[in-house]
Amino acid sequence: MSILTRRHLLRHAALSATAVTPAGAAIGTATAAGAAATLAGCQPGDTDRTAPETSPAGRLPFPQNFGWGAATSAYQIEGAVKEDGRGESVWDTFSHAPGRIRNGDTGDVAADHYHRYADDLDLMRDLGLRSYRFSISWPRIQPDGTGPANQRGLDFYRRLVDGLHERGISPMATLFHWDLPQALQNTGGWESRDVAQRFADYAAILFDALGDRVPVWLTINEPKTVVQNGYLSGHHAPGLRDPDAAYLVAHHLQLAHGLAVRALRDTSGAGRIGPAFNLHPCYPADDSPAAAEAARLYDGYENRLYLDSALKGSYPEDVLADLGPDSRMVRGIRDGDLEIISSPIDLLAVQYYTPIYVTANGGTVSRWPTSEAEWQQIYPDGMYDILTRVTRDYGPIPLTVTENGLPTPDVLAADGTVEDTGRVSFLRDHLAAAHRAVTDGVPLESFHVWSLLDNFEWAEGYDQRWGLIYVDYATQRRVLKRSAHWYRQVIADNAL
C-alpha cells in the first residue's frame, strides 16, 4: 500500500456518526463559499428551496401509518454486563482499557435498561411511539460467539418484544450494533472471514426464536463506523490503526450482512430485513474540478462502498483502484461473495447526521455550525439530499431513517424540567427535510430519533446527552425533556 493511499484512508476515518474528530480534521471554513456545492453523485443542497406543501392548517402531514419511533443500542443502555450468562464483548474490553473512554466511563451499568425495561416501555407508550429500534447483544445470546443460545439472554429479548407488542409498538431489531463477542475478536475478529459465518449462525438463532414476533430486522449497524473508528482512527473497539485490515473488515461485514439475509430467507419467518448505513452526503468544498474529483472518491469510501455492494452487487471501481490490487480487501473478495452481499433486501435503513465538504487535496472543511459533537455539522438539507440520492441512484426501495439527532447541554432544572430547545429545532428542521423528500417521491416509511434515552456515548462516555429522555445516572431517574413532549405531539398529529 502506498503512502498516498494510506493517507487517503486515514482521511476517510475523520467522520462517522459517532466519531471524535481527529485533530486538524473538519476545521475552518470552506473556501469559495459562494460556489455551488455539488453532492458527489447527487444534486446540490441549497438553502433557498421552495418550502414543502403544507396541510390546510399550516402543518406538514406525514403519510398515514407513518412509523414514528426512537432508537437505542444494547451496550449503550442495557448494563448488566455480567448477568444471566452474558459473555464479554469487545466494548467491555475496550472501555475498561485505561485512556480509551472519556472520564474512564464504561457501559457496565449504562441506563440500567436490562432491569428497567418495563418502565422504559411504558415511557415509549406514553410518548406514542409506533416503532422502537433496538439492538440485540450478541454476547448475551452466544457468550463466546458460537454454539447454542444462552436461554436467559433469549428470554430477556422475548420479554422486551412481547412488552412492545402489548403496548402497540412495532419492534425493529438490529442484530449487530458493534458488540462483537470478545472470544471472536481473540480469533481475529472481523478480519477473519469465519466471523461472517458465525454471525449468520447467530442470526439464525434469533430468527428461529423471535422471527414470528419481529416484523423488521436490521443486519449490521453502520459497518463504516466499525471500519473507520475501530480500524483506522482506533478510538472505537477494537482500537486498531491498520488501514489494510480496515477494508478487509468492510468486506467481511458486508458478507455477514448478506449471509444473514439468506439465513432469514431459509426460515419460515415473514419478517423484513435490510442493513443500516450511516450515509454522509459529500460535497466539493469549491467549484474546482479537483475538488469535484476528490469529493467523488470520498463519496466512494463513505457511501458507495456499502450501497453499491448491497444494492448493485459490485464495489465501486474508483475505490478498488484507490485501494490497489494488493490490498487485503481486494485479495479477500472471492467468487460469489458479491452475489451473497447483494441478496435481495426488503428495506434500507438510513442514518444521517452530517454532511462532508471535501477539498481538492482530499481533506475536509466545515461550512455549517457544529453541535457538541464537533464532527457534526448541522445541515438539514443533507437529509433531503441523501434520501433523494438513494432513491434516484438505487431505485424505489423502501427506506427508514433509523438514527437522527444531536447532543445538547441538557441540565435537569430544580423544577424537574429539561429545556433542550436546540434538539427541538434540530429535529423539526430535519423532519421538514424528510417530509420534503417524501413529497418528492422518496418511499420513506418511518423515522427514529437518536436516541430514546441518554446513554453511554462510546468514546465520549456519559459527557454527551443525545436522548429525548434525561437519565440521572446516579439514581437512574428518567425525565422527559422538552423535545420528548414536542415529539409526542408530532406523533399524535402525524404532522410537523
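How do the axes of helix 4 and helix 6 cross, and within what distance do they come? Let me start there. This is a predicted model, by the way.

Helix 4 covers residues 113-127, and helix 6 covers residues 151-166. Their axes come within 10 Å and cross at roughly 10°. That angle is under 35 degrees, so helix 4 counts as roughly parallel to helix 6. Who touches whom? From helix 4 we have H113, Y114, Y117, L121 and M124. They meet R152, F156, R159, L160, G163 and L164 of helix 6. Sort that contact by class and you get seven nonpolar, two polar and two charged residues.

Now step back to the whole protein. It has 496 residues, and 63% of them count as buried. Its secondary structure comes to 17 helices and 13 strands. Take the contacts with a separation of 6 or more. Residues 24 or more positions apart account for 77% of those.

Next, helix 16, residues 421-439. The list runs R423, V424, F426, L427, H430, L431, A432, A433, A434, H435, R436 and A437. What do the buried residues pack against? Four elements: strand 1 (67-71), helix 15 (381-394), strand 11 and helix 17 (482-493). After helix 16 comes G441, and its phi is positive, near 105°.

Let's go into it. S446 is in this strand, which covers residues 444-450. Is S446 buried or exposed? Its relative accessible area is 6%. The cut-off for buried is under 20%, so S446 is buried. Its side chain makes a polar contact of 2.6 Å with the side chain of T400. Beyond neighbours within four places in sequence, S446 is in contact with F66, G67, M172, L399, T400 and V401.

On to a loop. H177 lies between strand 3 (170-176) and helix 7 (182-185). At 2% relative accessibility, this histidine counts as buried. The side chains of H177 and N221 are joined by a polar contact of 3.1 Å. Set aside neighbours within four places in sequence, and the contacts of H177 are S73, Q76, R133, S135, N221, E403, W450 and W458.

Here is a residue with another setting. A292 sits in helix 11, residues 289-311. At 38% relative accessibility, A292 counts as partly exposed. Which residue is paired with it by distance? G362, which is 70 residues away along the chain. The C-alpha atoms of A292 and G362 are separated by 9.9 Å.

Last stop, helix 8, residues 193-210. How many residues does it have? It has 18, and it reaches 26 Å from its first C-alpha to its last. That is close to the 26 Å expected at 1.5 Å a residue. Its buried residues include V195, F199, Y202, I205 and L206. R198 is buried in helix 8 too.

Definitions and conventions. Residues numbered from 1 in each chain as written. Predicted model: local features only at pLDDT ≥ 70, side-chain atom pairs only at ≥ 80, totals over all residues. Heavy atoms only, no water. Helix = DSSP H or I, 4+ residues; strand = E, 2+ residues; numbered from the N terminus. Buried < 20%, exposed > 50% of the residue type's maximum accessible area, 1.4 Å probe, protein only. Polar contact = N/O pair within 3.5 Å; in protein donor to acceptor, adjacent residues only side chain to side chain. Contact = heavy atoms within 4.5 Å. Expected span 1.5 Å × (residues − 1). Axes fitted to C-alpha atoms, helices over the stretch in contact; angles between N-to-C directions. Parallel < 35°, antiparallel > 145°, perpendicular 65-115°, else oblique. Nonpolar A, V, L, I, M, F, W, Y, C, P; charged D, E, K, R; others polar.
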